[in-house]
Amino acid sequence: MERFNKEDILILAIESSCDETAASVVKNGREVLSNIIYTQIALHTQFGGVVPEIASRKHIEKINQVIEQALKEAEVTLQDITAIAVTYGPGLVGALLVGVAEAKAISFATGIPLVGVHHISGHISANYIEHKELEPPFVCLVASGGHSHLVIVRDYGEYEIIGRTRDDAAGEAFDKVARAIGLGYPGGPKIDKLSREGNPDAIPFPRAKVAENEYDFSFSGLKSAVLNYLNSCQMKGEKVNQADVAASFQKAVIDVLVEHSLHAVKAYGFRKFAIAGGVASNSSLREAFERECARRKIEFYYPSPVYCTDNAAMIGVAGYYEYQKGVRHGYDLNAVPNLKLGEW
Ligand code: KG4
Ligand code: ZN
């Protein structure tokens, strides 16, 4: 039996903004027919972080295979595809260019319309996949390796940013602290795991507030506090309890994310709240939001971990809503490494 009808809108989505080469086929904006992710993490681990040049080279090597596999698993051919959605920013320019050039080539060869998608719009839209009832408006916390944004989702693809990080993104703080305590890259999942063995109240790390905007975040002070703590232990010849440092740091990040987010939900009068981005897969963060949202009678939404970290299914969902609005990009579509949310 066919997995789709002629009236269905099938989006072929491509994502290559950082270190995942990904392609997906999404039906009618909410149903994922395939979600192929080739992750380069193992390749970058030896360097302690993503090396942009290596990421681009790996994307170009893998992208055709990943797309072929996405079409095959979805049991479709290019002839069945309604539109091609591709992340064109923000991200690493060389990495983005691989996906954009690929999408343009397929569009040029087949005549299938091209829709450029904002990476963060993709992260937010990941929530629509498993929550068929979720519709805007709602408040969303986007916490990834490059971004920490508090966003009001006014409508599909329409965003108002009410809070942002002044320095490091939440995921970046996880990665830097993990490196400092010797856990390696990527730090988030490693700190998540190790924290289970530690005491989150062992070390009183700071919870930063930003004076001018109560919804903004700042994580660089916390990162410095962790580094200072590690230094002072070393100077005193004290053994560092890695798990306690991980758990106390993680708790400090989560406390701030929860407090700012739920304050915003209340102040703006919303009852629905979602999380998105790589950090949203953190198990303690999910538990904390679950608990606090239940207490305040806020409906809480979160994607499965595979849709939190970079993937193309989320780009397919965001691309579907852009396509429905009539957005089409030309063959002059370019990668925009610092693309702002709401600017396209
Ligand atoms: O969304 P994402 O895959 O890529 C960006 O768009 O940046 O996010 C990657 C970030 C990394 O900093 C990684 O350490 C963090 O998300 N991350 C986590 C967890 N899994 C990934 N942070 C905390 N806990 C996790 N379980
Ligand atoms: Zn991302």
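Strand β4 (residues 83-89) and strand β5 pair in the parallel sense over 5 bridges, where strands are DSSP runs of E of at least two residues and helices are runs of H or I of at least four residues, both numbered from the N terminus, and where two strands pair if DSSP finds at least two bridges between them. Within this pairing, alanine 85 stands opposite valine 115 in β5. The model is a predicted one, in which local features need pLDDT of at least 70 and side-chain atom pairs count only at pLDDT 80 or more, while totals for chains, interfaces and linings use all residues. Residues are numbered from 1 along each chain as its sequence is written, chains are lettered from A and ligands numbered from 1 in the order in which they are written, and side-chain values use heavy atoms, with hydrogens and water left out.

The two strands belong to an open sheet of 5 strands in the order β3-β2-β1-β4-β5, and the pairing in this sheet is mixed. Its edge strands are β3 (31-39) and β5 (114-118), each of which pairs on one side only. From one strand to the next the twist averages 20°, with axes taken as lines fitted to C-alpha atoms, for helices over the stretch in contact, and angles running from 0 to 180 degrees between N-to-C directions. Helix α3 (residues 93-110) packs on the sheet and touches β1 (10-15), β4 and β5, its direction making about 155° with that of β4; contact here means heavy atoms within 4.5 Å. Helix α12 (residues 313-324) lies across β1, β2 (20-27), β3, β4 and β5, and runs at about 130° to β1.

Strand β1 deserves a separate look. With β2 it pairs in the antiparallel sense over 6 bridges, glutamate 15 standing opposite alanine 22 in β2, and a hairpin joins β1 to β2 through 4 residues. With β4, strand β1 runs parallel, joined by 4 bridges, and alanine 13 stands opposite alanine 85 in β4. Because 6 of the 6 residues of β1 are buried, the strand is largely enclosed by the rest of the structure; buried means under 20% relative accessible area, exposed over 50%, and partly exposed in between, with a 1.4 Å probe and protein chains only. Leu10, Leu12 and Ile14 point one way from β1, whereas Ile11, Ala13 and Glu15 point the other way, and all are buried.

We turn next to the metal. The zinc ion (ligand 2) is coordinated by His119 (NE2), His123 (NE2) and Asp310 (OD), at 2.0 to 2.1 Å, donors being N, O and S atoms within 2.8 Å of the metal (3.2 Å for Na, K and Ca), and sites may look incomplete since water is not among the atoms. The 4 donor atoms around the zinc ion subtend angles of 95 to 131°, and the arrangement is therefore tetrahedral, a label given to four donors if all angles lie between 85 and 135 degrees. In sequence these donor residues are spaced H-x3-H-x186-D. Histidine 119 and histidine 123 both lie in helix α4 (residues 119-125), 4 residues apart, about one turn of the helix, and both are buried.

Leucine 341 lies in the segment after α12 and, at 13% relative accessibility, counts as buried. Leaving aside its neighbours within four places in sequence, leucine 341 is in contact with His118, Ile120, Ser121, Ile124, Val151, Tyr159 and Ile161. Leucine 341 and proline 90 are 251 residues apart in sequence, yet 8.9 Å apart in space, C-alpha to C-alpha.

Another open sheet of 5 strands has the order β8-β7-β6-β9-β10, with mixed pairing. At its edges stand β8 (158-164) and β10 (299-301), each with a single partner strand, so one side of each is left without a neighbour in the sheet. The twist in this sheet averages 25° from one strand to the next. Strand β6 (residues 138-143) and strand β9 (residues 272-276) run parallel and are joined by 4 bridges, and the bridge partner of cysteine 140 in β9 is alanine 274.

That cysteine leads to a last topic. A disulfide is counted as a pair of cysteine sulfur atoms within 2.5 Å, and by this rule the count comes to 0 disulfides. Cysteine 308 is in no disulfide, the nearest cysteine sulfur, that of cysteine 140, being 9.9 Å away. Cysteine 308 is buried, with a relative accessible area of 0%, and cysteine 233 counts as buried at 2% relative accessibility.

Notes. Four donors count as tetrahedral if all angles lie between 85 and 135 degrees; four count as square planar and six as octahedral if opposite donors are over 155 degrees apart and all others between 65 and 115; anything else is irregular.
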